[in-house]
Amino acid sequence: MLRLCAKGNQQRSIEMTNHRSKHYLLLGAGFSRNWGGWLASEADEYLLGHPEIDKPVRDILWQYKRKGGFEAALAHLQHERSNDSRLQSLQNALRQMFADMDKGFRGVRFDFNNELKSTISGFLTHFEAIFTLNQDLLLERHYLNENVSLMSNGRWNGYHFPGLKLLKAEFQSLEEIKIWVPDETNFNLPKHAQPYFKLHGSANWQTADSGDLLVMGGNKSGIIAKYPLLKWYHDQFKEKLSEPNARLMVIGYGFADDHINKTVQTCVKDYDLKIFIIDPMGTDVIDKNRNNQIYAPDPLVQDLWPNLIGASRRSLRDIFGTDRVEYEKIMRFFE
């Protein structure tokens, strides 16, 4: 078509392409919660009842219950390292927690209605890339598979796990679990495959020495810096959000990770990133001082507020189920 257009029309077409918004997605635990996944506070309660957790570890969990939860407890043990058995017990319980969540995810219905154009699967195809802080396998089970929704809008011919290669497939309770390891020869993004970046690793990823590739506990930035794969992921996160006319939809992230917040703040201030939030708290989720008796907005609120372009407090089950009014509001993000 461009060859048949006048030069002026060609230039306008190019300018329109250059100014087209880019849409990215960031997921937190609140996303998986819509299918029964545990939030951080619920993870604390799961761990308290796990057989691996004895009294000394339970005491540490209670100590940090209101001061960062199980991740703060894990950070305490990571830093102390005077008793590796306690750290090992907590890590074993966390592995089992992800396994138990995965058992539950296997049997859930992912889409909340049968209208292809308004399913959660169809919604996910609109994004140039999906970034997640979740380490569960919900999307691997129900979206990043042979799901026809990936091809439904003619944009994608599949999905891509950047920088990974399949090590092996295991079977747990007759269900397949694929184990992935980093592959530095695969740091690329195929043009017609939707990339899926797990910024904090995954329950089914391993390091070269067969360790877990999970970022939890303290010093997350330091852990990320140790692994070229995760460092590249975070570089991609900043690079994508720095693009002209970039838009970020955030679902179920509580803005508790400073390294993630810093990247988002930088991209808002320096590159005019626009943000839409889906969370039960709406835009209040970014305001850590919201309950203070003497109120003063923190820097995160001050930086992000001018570039917030909307929010929804409804659940995904409602939005992609029967709430057509809220669904239409959400989809304006892509206009």
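Helices (H or I, at least four residues) and strands (E, at least two) are DSSP runs here, numbered from the N terminus. By that count, the protein chain holds 15 helices and 11 strands. A friendly word on the ground rules: this is a predicted model, where local features need pLDDT of at least 70, side-chain atom pairs count only at pLDDT 80 or more, and totals for chains, interfaces and linings use all residues. Residues are numbered from 1 along each chain as its sequence is written, and side-chain values use heavy atoms, with hydrogens and water left out.

Now to the chain as a whole. Of its 335 residues, 50% are buried (under 20% relative accessible area, with exposed over 50% and partly exposed in between; 1.4 Å probe, protein chains only). Contact means heavy atoms within 4.5 Å; among contacts between residues at least 6 apart in sequence, 72% join residues at least 24 apart.

Let us turn to helix 4. Its buried residues are Val57, Ile60 and Leu61. They sit on the same side of helix 4, because they cover an arc of only 100° around the axis, the arc being that of the directions from the helix axis to the C-beta atoms. An α-helix has 3.6 residues a turn, so residues three or four places apart point the same way. The helices that the buried residues of helix 4 pack against are listed here:

| Packing partner | Residue range |
|---|---|
| helix 3 | residues 40–48 |
| helix 5 | residues 69–80 |
| helix 6 | residues 84–106 |

Finally, consider Gln236, part of helix 11 (residues 228–241). Gln236 is buried, with a relative accessible area of 8%. Apart from neighbours within four places in sequence, Gln236 is in contact with Phe131, Leu189 and Phe197.
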